[in-house]
Amino acid sequence: MAHGLRLLRRDRPAPRHRGDLHRRPADCGRGAGQGRSRLSPPLLIGTPISPFVRKILAPCALKGVEVRIDPIVAFVSNDAFSDLNPLRRIPVWMDDEVTLADSSVILQYLEERWPEPSIWPVDLAQRARARWLEEYADTRLADVLLGHVFFERIVRPHVLGEEGDLERAKRGSETLAPEVFGYLERQLGDGPFLCGNQACGADYAMAPAFLNARAARCKPKRDTWPKLVAWLERMEAETLLGRLNEMAWAMLAAPPAELADRMRAFGYEASDRSWGGGRPRRGPMSWG
C-alpha cells in the first residue's frame with residue numbers, strides 16, 4: 001500500500017476458496033445475446049484493500065465481467081482523480097458507456113447491465129431487506145469498523161503520516177463494534193447468509209470490512225457472536241470473497257512497488273494509466 005503501509009501479521013487469513021476470480025468474460029454489451037462485440041475490459045479505480053472495491057469485484061467475478069484495476073489509494077490520488085469523483089473516494093468505474101462513483105451505484109449498474117446471475121434475492125421483501133443491509137454496511141458498519149478503527153490505527157499513521165486517535169479507535173473497537181456485531185448477529189437468523197441460502201449483494205457489501213477491521217485488531221468473538229463468526233467463515237470458504245480477501249491481505253503486506261504484481265498473481269490486469277500519486281491528503285468527506 002502507498003507510503004510504506006506493510007502489515008505482516010500472524011493472524012493472516014488461511015487460503016480458502018480456490019476458484020478462479022475470472023470466469024469466461026461476459027460480453028461488455030447490455031446483456032448476453034444482444035450481439036455487441038466485447039470491448040476493452042472496464043476499469044475499476046481503487047485498491048482491492050478497500051472493502052468497497054472488493055464489494056464490486058465479487059459480483060464482477062460471479063457475473064464473468066472482466067475488469068482492469070488501477071490500485072490507487074484514495075488518499076494518494078492525483079488532481080485528475082477529482083474530475084472522476086469530486087468526493088475523492090474509491091471505487092470509480094469506467095467503461096465504454098459510463099463513469100460512475102459510489103459502490104452502491106456501481107453495484108446496481110452491474111446488476112442492470114449484466115443481470116445474470118442476479119446478486120439480489122428473487123423475493124421482493126427479501127430484496128428490499130438486502131438493500132437495507134447494503135445501506136447499513138456502507139454507513140454504520142463502515143463508520144465503526146473503517147472510520148473509527150481502521151482509519152485511526154492503520155490509515156492515519158501509515159498512509160497520511162499522522163498520529164492516529166487511539167482513543168477514538170478504542171471506542172470504536174470496544175464500544176461501537178459490539179453494538180454493530182450484535183445487530184448483525186440478530187439479522188442472520190437461521191439461514192447460511194444474510195437473506196437466504198445464497199450470498200447476495202448485502203453479504204458482499206457487509207463482509208469485506210471485517211478483514212480490514214481484523215488488520216486493525218478488531219474482530220467478533222465466537223462465544224459472543226457465533227452466527228456472525230460462522231457467516232464470516234462461510235463467506236471466506238464458500239464464496240469468491242475468500243480469494244479476494246487473500247489478494248487484499250497480500251497487498252496490505254506489500255511495498256508500493258509490488259502492488260500491481262501482487263494483483264496480477266490473482267489474475268487481475270493492471271491499468272495502463274493510473275490516477276495515483278501526489279501528496280497524501282483527505283477528500284472533502286474523509287473520516288477523521
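E163 lies in the loop between α4 and α5, where helices (H or I, at least four residues) and strands (E, at least two) are DSSP runs numbered from the N terminus. With a relative accessibility of 70%, E163 counts as exposed, on a scale in which buried means under 20% relative accessible area, exposed means over 50% and partly exposed lies in between (1.4 Å probe, protein chains only). E163 and E152 are 11 residues apart in sequence, and their C-alpha atoms are 8.1 Å apart in space. The model is predicted, so that local features need pLDDT of at least 70 and side-chain atom pairs count only at pLDDT 80 or more, while totals for chains, interfaces and linings use all residues. Residues are numbered from 1 along each chain as its sequence is written, and side-chain values use heavy atoms, with hydrogens and water left out.

D261 is found in helix α10, which covers residues 259-264, and D261 is partly exposed because its relative accessible area is 49%. Between D261 and M251 there are 9.3 Å in space, C-alpha to C-alpha, and 10 residues in sequence.

The aromatic residues were examined next. A pair of aromatic rings is described by the distance of the centres and the angle of the planes. Rings of Phe, Tyr and Trp (its six-membered ring) pair if their centres lie within 6.5 Å, and planes under 30 degrees apart count as stacked, over 60 as edge-to-face and the rest as tilted. A search of the whole structure finds nine aromatic pairs. In one of them, the ring centres of F75 and F151 are 5.9 Å apart and the planes stand at 45°, so this pair is tilted. Because F75 lies in the loop between β2 (68-70) and α2 (81-84) whereas F151 lies in helix α4 (residues 124-158), the pair ties together parts that are 76 residues apart in sequence. Both F75 and F151 are buried.

F181 and W225 form an edge-to-face pair, with 5.2 Å from centre to centre and 75° between the planes. This pair links distant parts of the chain, since F181 belongs to helix α5 (residues 166-188) and W225 to the loop between α7 (208-215) and α8 (226-238), 44 residues apart. F181 counts as buried because its relative accessibility is 2%, and W225 counts as buried because its relative accessibility is 13%. Ring pairs also link F181, F210, W225 and W231 into a cluster.

In soluble globular proteins, nonpolar side chains tend to be buried together. A nonpolar core is a set of buried Ala, Val, Leu, Ile, Met, Phe, Trp, Tyr and Cys residues joined through side-chain atoms within 4.5 Å. The largest such core in this model has 92 residues, and those with the most contacts inside it are W93, L141, L145, M206, F210 and W231. Helix α4 gives the most to this core, with 14 residues.

Grid points are joined across faces, edges and corners, and a volume is the space filled by probe spheres set on the points. The largest pocket has a volume of about 700 Å³. Of the 30 residues that line this pocket, the closest to its centre are S50, F52, R89, I90 and W287, and α4 gives the most to the lining, with seven residues.

The structure also holds one cavity of 30 Å³ or more, and the volume of the largest cavity is about 50 Å³. Its lining consists of P51, F52, K55, A137, A142, L146, A205 and A209.

Most residues other than glycine have a negative phi, and most peptide bonds are trans. In this model, the peptide bond from I90 to P91 is cis, with omega near 10°, and the bond from E116 to P117 is cis, with omega near -10°. Phi of R88 is near 55°, a positive value in a residue other than glycine, and R88 counts as buried because its relative accessibility is 7%.

How values were computed:
1 Å grid on protein atoms, 1.4 Å probe; cavity = no way out; pocket = protein on both sides within 12 Å on 5 of 7 lines; lining within 4 Å.
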